[in-house]
Amino acid sequence: MTSIKSLLLSSSLCLLPAVMTGQTMDSADLLKPLGEDWPTYSGDYSSKRYSKLSEINQSNVKHLTLAFATRVTGGAGNAAGGGGGGRGGRGGGGPAPVIVGGEGAGDSNAAGGFGGGTSIKAAVLEVGGTLYLSTPDNAWAVDARDGHELWHYFWKTRGGTHIGNRGLGMWNNWLYMETPDDYLVCLDARTGKEKWHVEIADFNLQYFSTMAPIVVGNHILVGTGDDLDEPGFLQARDPETGALQWKWYTVPLKKGDPGLESWGDVDTASHGGGNVWIPGAYDPETHLYIFGTGNPSPAYTNPPGRNGDNLYTCSIVAVNVDTGKMQWYFQTSPHDTHDSDSTETPILVDGEFNGKPRKMVLHASRNGYYFTLDRLTGERLVTSKFSDAVNWAKGLDEKGRPVRNPEKDSTIAGSLVSPNNGGATNWPPPAYSPDTGLFYVQQNDAYAMYYLTETDPRGAMGLGGKEEDGLGTLGSYLTAIDPKTGKIAWRHRYPGTGGGLGPGLLTTAGKLLFGGDMGGNLVAYDPANGKPLWHTHLGQVSNAPETYMLDGHQYLLAAAGDTLYSFTLY
């Protein structure tokens, strides 16, 4: 890791003593609205990604200046036997330690992950002046003032899908990380040394684990993915030992299980997918963890066992964190045939709806539809299209759910479908501003031809059985939605015609909306109308921007590939 300063800090900052790594964080602090730190995936439990910090605002955002840029390199580096080594950083004291763990040989991911190179797609925690970040198989602690490395942990993997890592969870002095080969690892936040690791899914069944763990009280909530034909589940682990507390399966496993009537047979249901791979939101009043589930399996074909709605795939689900029991659900894509999972992070908002106070859930789904739900019951309040290109559904049913058009399933001749497999939106987290009352989401209006390549319904597994040929896009947008009506308040079209999705969003009390565009820029917008106010070119921004306050200065944080950038006002 190398740290590059773009300018000298003020003398007051230079004279500050080195920050002790690993500040303690009481899990009760997570019950508070987002403040000076960024202690969990979305900042706080509501997942609004709204910060009350306002030192950076519309009047001065144009004066933002680079505070530091820190480049990370995955792998064991110069570590020998789990101690020493590493790369030097600003602040002296020699190279930071590299701690090595894992169950693999360590020879398959020396560069920090499969797929070539290192890319920071994760949320970055900031607690007490320390940044904690991750990529597949790697975690780092970095000084939040100047970006120098404090420690680096490297996990020797057995293999698996290294598509990304969504971040770390924190409880007291401990950090929690999921690994692609299905372990939950507990690290000492002060030193990076491993306390324990436990297996959370069967690697031999092709599960992979990318989710940022969510800490709720004495529960560590973790989820997994799987692109084969295995059941999805959410589980809670003990933060002290990693022991299993409870596990909730997203599909029926046996006769008598709720939701089995929405499948053709129990065997297909019990291998029906619905994996949980993106963090949700938590309501402390009801003790409900509200999150999205993935697509059914097989994803693109229709064996007889898939007859019906296929509960509880492609759904928003509320589970009691203390018992692991489902309280309610709402299915956004009944009998999905396009891999349109509903794992996108929901946002919790209290407000007025039709003249009455309402506790709401806001959700923009990969399938191109937006939903406002009642947070206590799961009742649908609003359904609307946020993408004009969406054509896979032929209307809404009496519950406000999109009705699949079978003519848009994969066919031998080919079917023109929007959105494409990437979705009208996807994992990049949305945001909400109480100042404007608007919900913000990244959007892509892309089309593809879907061809059926396996006509025997017994022959396709997981994501197989089809070929997808992309045809282009009508454009990529930053979109603002009115949650009370589902109507588009404004759209900002990104320049160019290449399509794709931005990396996620942040809103602040400084009346700013931050996000990355398709041209590699980090941009500040006016959240009321989408007008760009400031930008800087970083290369492709790869995670959602965040903000924190330290020593009386507000910082803006974002990553582009293997480099973490921090900006502030001087």
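Analyst: Strands here are DSSP runs of at least two E residues, numbered from the N terminus. Keep in mind that this is a predicted model. With that in hand, threonine 479 is found in strand β32, residues 466-481.

User: Is threonine 479 buried or exposed?

Analyst: Buried means under 20% relative accessible area. Threonine 479 comes in at 0%, so that residue counts as buried.

User: And which residues does threonine 479 touch?

Analyst: Leaving out residues up to four places away in sequence, threonine 479 touches Phe439, Tyr440, Val441, Gln443, Ile488, Trp490 and Arg491. With glutamine 443 there is a side-chain to side-chain polar contact at 2.5 Å.

User: Now the rings. How do I read an aromatic pair?

Analyst: You describe a pair of aromatic rings by the distance of the centres and the angle of the planes. A search of the whole structure turns up 17 aromatic pairs. Take tryptophan 248 and phenylalanine 291: their centres are 6.2 Å apart with 85° between the planes, which makes the pair edge-to-face. Tryptophan 248 lies in strand β18 and phenylalanine 291 in strand β20, so the pair ties together parts 43 residues apart in sequence.

User: How buried are those two?

Analyst: Tryptophan 248 is buried at 10% relative accessible area, and phenylalanine 291 is buried at 0%. Ring pairs also link Trp248 and Phe291 with Tyr289, Tyr312 and Tyr329 into a cluster.

User: Which charged ends sit over rings?

Analyst: Two cases: arginine 166 has its charged end over the ring of tryptophan 427, 4.4 Å from the centre. The charged end of lysine 466 sits over the ring of tyrosine 300, 4.6 Å from its centre.

Note on methods:
Residues numbered from 1 in each chain as written. Predicted model: local features only at pLDDT ≥ 70, side-chain atom pairs only at ≥ 80, totals over all residues. Heavy atoms only, no water. Phe/Tyr/Trp six-rings, centres within 6.5 Å; stacked < 30°, edge-to-face > 60°. Helix = DSSP H or I, 4+ residues; strand = E, 2+ residues; numbered from the N terminus. Buried < 20%, exposed > 50% of the residue type's maximum accessible area, 1.4 Å probe, protein only. Lys NZ or Arg CZ within 6 Å of the ring centre and 35° of its normal. Polar contact = N/O pair within 3.5 Å; in protein donor to acceptor, adjacent residues only side chain to side chain. Contact = heavy atoms within 4.5 Å.
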